[in-house]
Amino acid sequence: RDKTLWCGFALESSKSVKVLFPGDTAWFDGLEAIGQEYGPFHVAAIPIGAYEPREFMKFSHINVDEAVRMKDAVRANYA
């Protein structure tokens, strides 16, 4: 645990359209900080991967409920 490189992207167009791709991620407390510093986003492309069994996969992938929370945490209008 905590030995994996994660990668995400926050993009802004010349017309100020902001898009977030958080990468293959799990829920973490820094999501609100991303929303505060780089948001609000027009859309967040939040991947929902293999998330079951939860006790094992929660460190690597978000589930549907967490994806909804992530949308709000990063201040995205759509996900």
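## A walk through the strands and the core

Start by selecting strand S1 (residues 9–12) together with S2: four bridges join the two, and they run antiparallel. Strands count as paired here if DSSP finds at least two bridges between them, and helices (H or I, at least four residues) and strands (E, at least two) are DSSP runs, numbered from the N terminus. Before you go further, note that this is a predicted model: local features need pLDDT of at least 70, side-chain atom pairs count only at pLDDT 80 or more, and totals for chains, interfaces and linings use all residues. Residues are numbered from 1 along each chain as its sequence is written, and side-chain values use heavy atoms, with hydrogens and water left out.

Now pick glutamate 12; its bridge partner in S2 is lysine 18. Between S1 and S2 lie five residues, making a hairpin, and serine 16 in that turn has a positive phi of about 65°.

Next, show side chains on S2 (residues 18–21). Lys18 and Leu20 make up its covered face, while Val19 and Phe21 are on the uncovered one.

Move on to S3, which runs parallel to S2 and is joined to it by two bridges. Click valine 19 and you'll find its bridge partner in S3, valine 43.

Which residues form the largest nonpolar core? Select Leu20, Trp27, Leu31, Phe41, Ala44, Ile46, Ile62, Ala67, Met70, Ala73, Val74 and Ala76, twelve residues in total. Such a core is a set of buried (under 20% relative accessible area, 1.4 Å probe, protein chains only) Ala, Val, Leu, Ile, Met, Phe, Trp, Tyr and Cys residues joined through side-chain atoms within 4.5 Å. Its largest share, three residues, comes from H3.

Finish at tryptophan 27: the charged end of arginine 69 sits over its ring, 3.9 Å from the centre (the cut-offs are NZ of Lys or CZ of Arg within 6 Å of the ring centre and within 35 degrees of the ring normal).

Terms used
Buried means under 20% relative accessible area, exposed over 50%, partly exposed in between (1.4 Å probe, protein chains only).
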